[in-house]
Amino acid sequence: MDDLLTKENLEYRAMAREIADKHVRPVAAELDRTAEYPWTVVRALQDAGLMGVWIPKEYGGRGGGVMNLCLVVEELSKACGGVGVTYAVNALASFPIIVGGTEEQKQKYLPDVAQGKTLMAFGLSEKASGSDAGSLTARAEKRDGFYVMNGDKKWNTNGNSATLYSIFCSTNPDRGGRGVSAILVEKGTPGFEIGKKEDLMGIRCVPVHELHFNDCYVPEENLLGGKEGHGFKHAMMTLDLARPGVAAQALGLAQGALDLAVEYTMERQQFGQSVASFQGIQWMLADMATKVEAARQLIYACARAIDGGAKNVSKMAAMAKVFATDVAMSVTTDAVQLFGGYGYCKDYPIEKYMRDAKITQIYEGTNQIQRLVIGRSLIKEAAAGQPRTQSAEA
Ligand code: CAA
């Protein structure tokens, strides 16, 4: 299935695979146990020039788009889902600058993100605002050349390793979602504190924190795009670009678990033969492999459509996310089953894949929200008389 990949795609994949083999797989279990941030991996990605794959060339990146971002995330996640998201979250948090930032903001921040000197985090969710992302209670009020921020953020991935945060808050509570604005907040700004670290089921090497803002004065030039009220739209546009990356994380996990399951069932002897020689096991492996390949093709098609400048990519991004992450949960669960009792204990690497996969069905929009996005798109397209088979308008 490599035929559709370009020379550039194959090069990115090879670079990421080498880093995954050399720097990620050997430490994945240890990172899971200690919940430590994978600094050595980030340094290897920096050295290979992979930290800015998705960032346009004019801002110091490699201009590799969403497709090459997905390939890197897939390879890293094949070895460790936590490392995959550690990397992908920089894309999630820098996409708001790419889609909505002023020229000055792009010039100021993106080159350092591209080099991996600046790590980023994305602050949309709050304790009481998850799926209903427009109902934020964090506030920013304009005063004397500053935005004064107050409120709290929840589920901030990369929480304490980031140095730059895209924070969504309300600059006009009377306008609901239309009163949301994004503000770029630098670590160390007085009044900005990193709070409680979550003790997670999976992706344990990524620090996920609460963030607190108490009369935090941020210069007004840090308002994303320089205009209030565009934050919700920028968040949605960002998620359209970032959801294929979560899908790629799920794909990597599913492929990694499948590879281990094939290897194990070929080695494991029962009734005088390898368990892989039983037809029932082969059928399980066949279904797993088919789902993984279907997910891969959907993700790549979506990423290519985005990079090709397609409009209305929300539906396809949601389809890629929902399909690949459901596949990841089912394939990693089946992989645990194929390992039998050994699959359920930490002596073997497989149970971690199942734990890491679960979050992909939840973050960057639960899979119920993805289905809502797909359903709404279908109805909108039908109402507009658009052909139902059209995937994304070029
Ligand atoms: N692109 C551009 N604009 C968009 C858009 C898109 N994809 N989707 C919606 N909009 C615009 C609409 O056109 C509308 O504009 P107007 O106000 O001008 O009419 C506006 O946004 C509101 O749209 P909706 O009425 O559709 O909004 P809604 O309140 O019904 O919400 C939703 C829609 C899809 C449910 C949305 O709230 C959503 O995606 N929720 C999930 C949020 C989410 O994914 N959170 C995860 C955060 S990241 C994370 O998980 C943590 C991490 O660090 C990894």
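**Entry 1: T171**

I looked up T171 and found that this residue counts as buried, because its relative accessibility is 15%. Buried means under 20% relative accessible area, exposed means over 50%, and partly exposed lies in between, with a 1.4 Å probe and protein chains only. I note that the model is predicted: local features need pLDDT of at least 70, side-chain atom pairs count only at pLDDT 80 or more, and totals for chains, interfaces and linings use all residues. Residues are numbered from 1 along each chain as its sequence is written, and side-chain values use heavy atoms, with hydrogens and water left out.

I placed T171 in the loop between β4 (164–170) and β5 (180–186). Strands here are DSSP runs of E with at least two residues, helices are runs of H or I with at least four, and both are numbered from the N terminus.

Which side chain makes a polar contact with the side chain of T171? It is that of S181, at 2.6 Å. A polar contact is a pair of N or O atoms within 3.5 Å; within protein, one must be able to donate a hydrogen and the other to accept it, and residues adjacent in sequence count only if both atoms are side-chain atoms.

I then listed contacts (heavy atoms within 4.5 Å). Leaving aside neighbours within four places in sequence, T171 touches A140, Y147, G179, S181, E228 and G229.

**Entry 2: domains**

I read off three domains in the protein chain: domain 1 (2–117), domain 2 (121–229) and domain 3 (232–383). The bounds come from an automatic or database domain assignment. The C-alpha centres of domain 2 and domain 3 are 30 Å apart. Their contact takes 13 residues from domain 2 and 14 residues from domain 3.

**Entry 3: the ligand**

I turned to the 25 residues around the ligand (a heavy atom within 4 Å). Of these, S131, R178, D240, R243 and E364 come nearest.

I checked single atom pairs next. A polar backbone atom of S131 is 2.8 Å from a ligand nitrogen. A backbone N or O atom of G365 lies 2.9 Å from a ligand oxygen. For R376, a polar side-chain atom lies 3.0 Å from an oxygen atom of the ligand. Taken alone the ligand exposes 1,100 Å², and the protein buries 69% of that. Areas come from the Shrake-Rupley method with a 1.4 Å probe.

Which element gives the largest share of the shell? It is α7, with seven residues. Domain 2 and domain 3 each supply at least three residues to the shell.
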